[in-house]
Amino acid sequence: SNDIRGYLGALIVYFFVCLFAWAMERSLQSEARAMIHAREATDGKNRVHSILSYLCDAVVELDEALVISTDSRSFEAIAMHGSKCRGRAFIDFFLNEDRPRIVQLFQSTSEGSVNTCSMKL
């Protein structure tokens, strides 16, 4: 009877150790998948930025409030003679008569898409 209890106790411990190991493996797999997806997204974003930088005079990333969210040396050289533009409202760089048109253009664009525009700064 003590042997059976000892065997059952060892079996229960073994079961919980296996369950814990399985849960840890699943967690690590999920974390690895998330890291791979993040790396792929970053790689894709970098490729798009690289292509646009080759094709355009300046590439600017904006947040949802149309504020410049990243540094852009080419845009800074064009618009501010090298001064930093990050954190500034993008529409502030346009003439007053063009501002409503630029705001409408960006508000009508779906998230994640890329737009180009030509306007006087």
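## Overall organisation

Among the contacts in the protein with a separation of 6 or more, 22% are made by residues 24 or more positions apart, a contact being defined by heavy atoms within 4.5 Å. The model is predicted, so local features need pLDDT of at least 70 and side-chain atom pairs count only at pLDDT 80 or more, whereas totals for chains, interfaces and linings use all residues. Residues are numbered from 1 along each chain as its sequence is written, and side-chain values use heavy atoms, with hydrogens and water left out.

The protein contains three helices and zero strands, and its elements run α-α-α from the N terminus on; helices (H or I, at least four residues) and strands (E, at least two) are DSSP runs, numbered from the N terminus. Of the 121 residues in the protein, 12% are buried, where buried means under 20% relative accessible area, exposed over 50%, and partly exposed in between (1.4 Å probe, protein chains only).

## The aromatic cluster

A search of the whole structure gives four aromatic pairs, a pair being two rings of Phe, Tyr or Trp (its six-membered ring) with centres within 6.5 Å, counted as stacked if the planes are under 30 degrees apart, edge-to-face if over 60, and tilted for the rest. The ring centres of F75 and F90 lie 5.9 Å apart with planes at 40 degrees, so this pair is tilted. Because F75 belongs to helix α2 (residues 73–80) and F90 to the loop between α2 and α3 (99–107), the pair ties together parts that are 15 residues apart in sequence.

Both F75 and F90 are buried. The rings of F90 and F94 have centres 4.9 Å apart and planes at 75 degrees, which means that this pair is edge-to-face. F94 counts as buried because its relative accessibility is 6%, and F90 is likewise buried, at 7%. One aromatic cluster is formed by F75, F90, F93 and F94.

## Surface and cysteines

The accessible surface of the protein comes to about 9700 Å², of which 58% belongs to carbon and sulfur atoms; accessible areas come from the Shrake-Rupley method with a 1.4 Å probe, and for residues only the protein chains shown count as cover. Y14, in helix α1 (residues 2–55), is exposed, with a relative accessible area of 56%.

The count of disulfides is zero, a disulfide being a pair of cysteine sulfur atoms within 2.5 Å. C18 is partly exposed at 34% relative accessibility, whereas C85 is buried at 1%.
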